[in-house]
Amino acid sequence: MSSEYSYDEQGQFYPFFVFTLTTIVTLPLTYSLLTPSKDAALAPRTKISYQPEHADLIEGLRAAQKRKQRKIKRAIAVALGWAMMAGMLYLIVTTQRTTAKIWNPYDILGISESASEKQIKSHYKKLGLKFHPDKARPDPAKNETAETLASKWVDFTKAYQALTDEEVRNNYIQFGHPDGRQTMSIGIALPKFIVSDGNGKYVVLVYALLLGVLLPYYVGSWWYGTQRMTKEGVLVESANNLFREYSETMDEGDLVTALSAGKEFQESLKGDKAESGLSKIESRILAEGQIGPFAGGLSAKDKDKLEDLDSGVRRKVLALLWAYLGRVELDDQALDSAKYMVAPIAQSLCGSFRAISLAYGNTAPILSSFYVSQRLLQALPPKSSPLFQLPHFTPAVVKSIEGDSKTHLTVQEFMDKPDSQRRSSAIGKGLLSEEQYKTAVSVAQQLPYLRVAKAFFKVVGERFIIPSSLVTLVVKGRFIPPGSTGIPEIDELDLEDVDPAEDDLDALMGRKKTVKDASGKLVTKEDTKPVPPPLAFAPYYAREHSPRWHVFLSDSKQGKMAVPPFTFSTFDKPLFTDDRKPTFHMQTLRAQFAAPPQAGTYTFVMHAVCDSFVGFDTKMEVTLDVEDASKAAAMAAEDEISEPEEDSLAGQMNALKGGSVAGTTKPKKQKDDDSDDDESGTEEEEDDTSATNTDTEPES
């Protein structure tokens with residue numbers, strides 16, 4: 001049996017093939033193109049019309065970054081893909097279909113399948129009188145030729161033999177054709193012109209380009225890109241430079257100097273840009289400052305480090321970073337644009353340095369990375385006042401508010417003052433106007449400050465924490481912007497973290513949430529969609545940034561990290577209403593880690609750090625009480641021993657002895673007697689101050 005290949009001459013099949021392949025590629029590309037970025041997806045914005053100096057440059061850099069994220073090449077590929085799909089769909093709809101006919105002797109002879117052999121022979125004789133080649137004459141009007149008439153008569157003969165001759169009938173029954181097994185035809189869903197008329201060499205060329213050039217290029221580019229970048233999104237060479245700069249005693253100024261070692265800056269400061277304007281920048285940032293010794297906010301140690309660097313890209317980057325942090329006016333559009341350009345790059349490098357610091361586990365560099373991240377977003381030099389985060393606040397305004405105090409006021413402390421006192425120190429000649437003061441207060445009242453109300457440890461479904469168990473650190477807090485009024489009292493039920501029932505699969509899987517209602521009854525609620533916080537108010541930062549909160553534990557005695565940071569970028573309840581009023585909802589943050597392998601009492605320092613605002617961090621002691629497994633089991637078994645019923649004889653005798661019975665109100669234990677139960681951190685009384693709970697900060 002031979003085989004023959006048939007090409008799609010009429011275009012019946014290859015449009016389906018091309019349409020399918022194009023759809024497989026185009027639909028995922030379209031989804032990735034239309035999916036909004038994580039930071040800006042549905043995040044609300046601070047309602048304020050404040051525009052800083054050089055707002056046009058900052059907005060231009062933000063717009064350029066958005067255009068870069070749109071991925072023009074991907075958009076072009078998507079457009080071409082949809083055009084190809086539309087063209088193939090048009091061919092599918094308009095091309096006329098031809099269907100292969102099954103060889104049927106009755107249809108060929110034009111008789112009924114119920115005809116007898118005698119009727120078949122009689123009908124065949126009649127056809128012979130009309131179509132036999134010796135008797136039939138071609139009709140030019142019907143485009144008939146002697147060959148077509150002969151072919152038709154052959155078909156009649158084969159059909160007749162298939163119905164009357166035994167051997168031919170067997171071939172027809174077994175193979176579907178009187179001539180026996182036929183040639184197998186393989187259809188190819190491609191038009192024939194691709195491989196005919198000398199076009200084969202072009203097909204080979206296309207295959208060579210696809211498989212020999214484009215495929216290796218894209219695979220190599222992807223592989224090289226993954227190898228030269230870290231998972232934090234910075235160049236491996238930059239991460240190596242930061243690794244060399246690492247020190248256990250690094251402060252914020254040291255980290256700013258280290259960030260200038262990033263290789264990413266060389267792409268933006270190539271050629272003449274590497275050193276042009278360097279002397280001007282240094283003269284501006286090293287000029288006498290209004291609050292610090294230098295206008296750029298750097299210390300004498302930072303100045304020495306800057307001057308120790310050789311002239312080149314790194315020295316210019318470091319000078320630009322200090323110019324950005326100190327908000328120094330450079331009076332040159334190109335230099336000012338470069339000043340705002342370096343901050344987002346330094347921010348990504350700061351994240352890479354944080355990953356290096358976490359590997360070492362020293363608390364000081366980890367905190368420095370968070371603090372520098374805050375100051376990069378707010379354009380504040382190290383050790384400067386947090387009040388500079390508010391719009392229109394100049395060194396003169398801050399000095400008037402803080403006076404001769406050696407410690408800086410936070411935004412919260414400033415807003416906690418009576419309005420009359422704030423006005424008297426902030427409004428005046430050379431200070432703020434009435435309109436500028438209202439703008440600053442409006443911004444302060446929209447900043448999300450997480451005020452922690454309670455933090456405790458627990459093991460889900462257990463009363464006690466035993467060695468190496470999976471512990472959950474539960475942090476309860478409300479977002480209370482500075483200067484908020486009408487803050488409601490804390491509902492004690494909101495401070496509880498109720499475990500779901502063992503048979504409630506939806507609650508265990510996180511699809512539902514178990515809480516207590518006003519009567520203390522356990523109820524389950526549908527889990528709501530996570531809510532992002534408002535975009536950070538960072539008018540000098542040339543990117544849109546969604547705030548994140550990082551919670552980790554440290555050992556203050558050793559200066560080491562005990563539990564790595566857990567990052568929270570969304571919350572289960574909205575922070576603000578649609579008109580930008582705070583909701584004061586109690587938010588719950590959970591972080592799971594393995595308990596220490598030994599029983600004992602462990603005291604940690606919990607850090608809750610916001611990466612976007614200076615002075616919005618929380619630092620508090622938390623105590624983890626780990627019980628020995630055998631002791632915890634014994635206490636649990638003791639608690640499970642049932643009391644005698646009140647109406648039984650044993651119950652009455654026990655009551656006469658002063659014992660408790662089931663069905664009666666059990667007297668409240670003294671605090672010292674209840675210490676064992678309190679240590680679990682899972683009791684739900686209002687006065688529960690177990691060893692796993694913490695001292696809470698005041699809410700007002």
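**Sheets, cores and rings: a short tour**

Welcome! In this predicted model, an open sheet of 3 strands runs in the order E3-E4-E9, and its pairing is antiparallel. The edges belong to strand E3 (450-458) and strand E9 (586-594), each of which pairs on one side only. From one strand to the next, the twist averages 20°. Residues are numbered from 1 along each chain as its sequence is written, and side-chain values use heavy atoms, with hydrogens and water left out. Because the model is predicted, local features need pLDDT of at least 70 and side-chain atom pairs count only at pLDDT 80 or more, while totals for chains, interfaces and linings use all residues.

**The two sheets**

- Strands (E, at least two residues) and helices (H or I, at least four) are DSSP runs numbered from the N terminus, and two strands pair if DSSP finds at least two bridges between them.
- Strand E4 (residues 470-479) is joined to E9 by 9 bridges, and the two run antiparallel.
- Leu 470 has Ala 594 in E9 as its bridge partner.
- Another open sheet has 4 strands in the order E8-E7-E10-E11, with antiparallel pairing.
- Strand E8 (560-568) and strand E11 (618-626) each have a single partner strand, so one side of each has no neighbour in the sheet.
- In the sheet E8-E7-E10-E11, the twist averages 25° from one strand to the next.
- Strand E10 (residues 600-610) pairs with E11 in the antiparallel sense over 9 bridges, and Phe 604 stands opposite Val 622 in E11.
- Helix H16 (residues 363-378) lies across strand E7 (549-555), E8 and E10, at about 20° to E10; axes are lines fitted to C-alpha atoms, for helices over the stretch in contact, and angles run from 0 to 180 degrees between N-to-C directions.

**Nonpolar cores**

- A nonpolar core is a set of buried Ala, Val, Leu, Ile, Met, Phe, Trp, Tyr and Cys residues joined through side-chain atoms within 4.5 Å; buried means under 20% relative accessible area, with a 1.4 Å probe and protein chains only, exposed means over 50%, and partly exposed lies in between.
- The largest nonpolar core has 110 residues, and those touching the most other members are Leu 259, Phe 393, Phe 457, Leu 473, Leu 553 and Met 606.
- Helix H15 (residues 333-360) supplies the largest share of this core, 12 residues.
- A second, separate core of 16 residues includes Leu 127, Phe 156, Ala 159 and Val 168.
- Leaving out residues up to four places away in sequence, Phe 393 touches residues including Phe 414, Leu 432 and Ala 440, where contact means heavy atoms within 4.5 Å.

**Aromatic rings**

- Rings of Phe, Tyr and Trp (its six-membered ring) pair if their centres lie within 6.5 Å; planes under 30 degrees apart count as stacked, over 60 as edge-to-face and the rest as tilted.
- By this rule there are 17 aromatic pairs.
- One of them joins Trp 153 and Phe 156 edge-to-face, at 6.4 Å centre to centre with 80° between the planes.
- Trp 153 and Phe 156 are 3 residues apart in helix H6 (residues 146-164), so about one helical turn separates them.
- Trp 153 counts as buried because its relative accessibility is 12%, and Phe 156 is buried at 8%.
- The rings of Phe 370 and Phe 552 are stacked because their planes are at 20°, with centres 6.1 Å apart.
- Phe 370 lies in helix H16 and Phe 552 in strand E7, so this pair ties together parts 182 residues apart in sequence.
- Ring pairs link Tyr 124, Trp 153, Phe 156 and Tyr 160 into a cluster.
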